Amino acid sequence: MAWQGLIDRYRERLDIAQGAEPISLCEGNTPLVPAPFLSKLIGAEVHLKYEGLNPTGSFKDRGMTTAITQAMFEGAESVICASTGNTAASAAAYAARAGLKCIVLIPDGKIALGKLAGAIAYGAEVVAIRGSFDDGLKMVRDVTRHAPIALVNSVNPARLEGQKTAAWEVTEQLGQCPDWLCLPVGNAGNISAYWMGFHQVKQSPQLLGAQAAGAAPIVRGHVIENPETFATAIRIGNPARWAQAEDALRESNGKILAVSDSEILKAYQLLAQREGVFCEPSSAAGVAGLMKEAEDRPDDFIGRKIVCVLTGHGLKDPDTAVGQNLTPTIINADVNELLKHLERDTK
């Protein structure tokens, strides 16, 4: 029988109801892509865990299969979440699969088009608020205290149960635990989940987390009231898993740093143009952090096995890709014009 998804593959290691019927879209099993250009640049063996190849295009599907499965087992008829985009699309898809109503709160005007399109296509009720993601998360947490609706943000422990499976996949695919695992940090659920996964199987890579400089509360040590970055998925000023992320960084002897939007954009372009891997901008934050830290402290990384987690597909945010002032050359449908154009390019 073909593998059906994370719950079927790892059920005995997951702290969810063992008798629950899986709600799955065959998530997980995403590729670990060798990154030869980055490897040469860093002087290490670098791989990319390409989570953008999950069913809805982001790592959120790992946690959503377990969260929706658990919610169904507990008798939920509807689910709700606040989101910068990826959680909304994932919750909507898995709720549709389960036959549940889904309500998503998003910051008005601050969500990438590809993510909004997903939430709408999967049939969610989308509510835009005049406020930030942090405002939205507070609202949905309050609502679930007064209404019979399941919250599926990463504050739900079942979410991290699914997300931690990526740590096991990384080790299985690499053949060993990496020396460093680099990833973006927004609401801090993913970095916490990876550490849970590694810790559960007694493995200890060093974690390198990267926050956008305009949305770096963990780095700065205080809540950011008005977070700003073009990397919308990590535009969060008060991470729900802040304390857990700090524990993971300390226990792994890891580091967290802030990277500028220009550094994220540079890494985003490098991944697409030199490695052939198209990720959403926020996904590139972990690579930007690695490049920055390796330049400052090269001895920490030279010769090491490094995995960078790319959390979402580039088509999640098409506006960034097409907004880089790269317009196509227009010629007539004439082969001689094409030959002349190619000749100019070779000079």
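Start by selecting D142, which is partly exposed with a relative accessible area of 27%; here buried means under 20% relative accessible area, exposed over 50%, and partly exposed in between (1.4 Å probe, protein chains only). You are looking at a predicted model, where local features need pLDDT of at least 70, side-chain atom pairs count only at pLDDT 80 or more, and totals for chains, interfaces and linings use all residues. Residues are numbered from 1 along each chain as its sequence is written, and side-chain values use heavy atoms, with hydrogens and water left out.

K138 and D142 are four residues apart in helix α6 (residues 133–146), a separation of about one helical turn. Helices (H or I, at least four residues) and strands (E, at least two) are DSSP runs, numbered from the N terminus. K138 counts as exposed, at 53% relative accessibility.

R145 is exposed, with a relative accessible area of 57%. An α-helix has 3.6 residues a turn, so residues three or four places apart point the same way.

Next, select K49 and E169. Their salt bridge brings the closest N and O atoms to 2.8 Å. K49 lies in strand β2 (residues 45–50) and E169 in helix α8 (residues 165–174), so the pair ties together parts that are 120 residues apart in sequence. Are these two buried or exposed? Both K49 and E169 are buried. The structure holds 16 salt bridges.

Move on to helix α4 (residues 86–98). Its 13 residues should span 18 Å at 1.5 Å a residue, and the end C-alpha atoms are 18 Å apart, which agrees; the expected span is 1.5 Å times one less than the number of residues. Of the 13 residues of α4, 11 are buried, so the helix is largely enclosed by the rest of the structure. Among the buried ones are N86, T87, S90 and Y94. To see what covers them, show elements including α3 (60–73), β3 (78–82), β4 (101–107), α5 (113–121) and α7 (157–163). Just after α4, G99 takes a positive phi of about 80°.

Then pick N153, in the loop between β6 (150–151) and α7. N153 is buried, with a relative accessible area of 2%. Leaving out residues up to four places away in sequence, N153 touches I80, C81, A82, T87, F133, L137, V140 and R159, contact meaning heavy atoms within 4.5 Å.

Finish with helix α12 (residues 261–274) and helix α13 (residues 285–296), whose axes come within 8 Å and cross at roughly 105°. That makes α12 roughly perpendicular to α13, a label for angles of 65 to 115 degrees. Select E263, I264, K266, A267, L270 and L271 in α12, which meet A285, V287, A288, M291 and K292 in α13.

Terms used. Axes are lines fitted to C-alpha atoms, for helices over the stretch in contact, and angles run from 0 to 180 degrees between N-to-C directions. Angles under 35 degrees count as roughly parallel, over 145 as roughly antiparallel, 65 to 115 as roughly perpendicular and the rest as oblique. A salt bridge is a side-chain nitrogen of Lys or Arg within 4 Å of a carboxyl oxygen of Asp or Glu.
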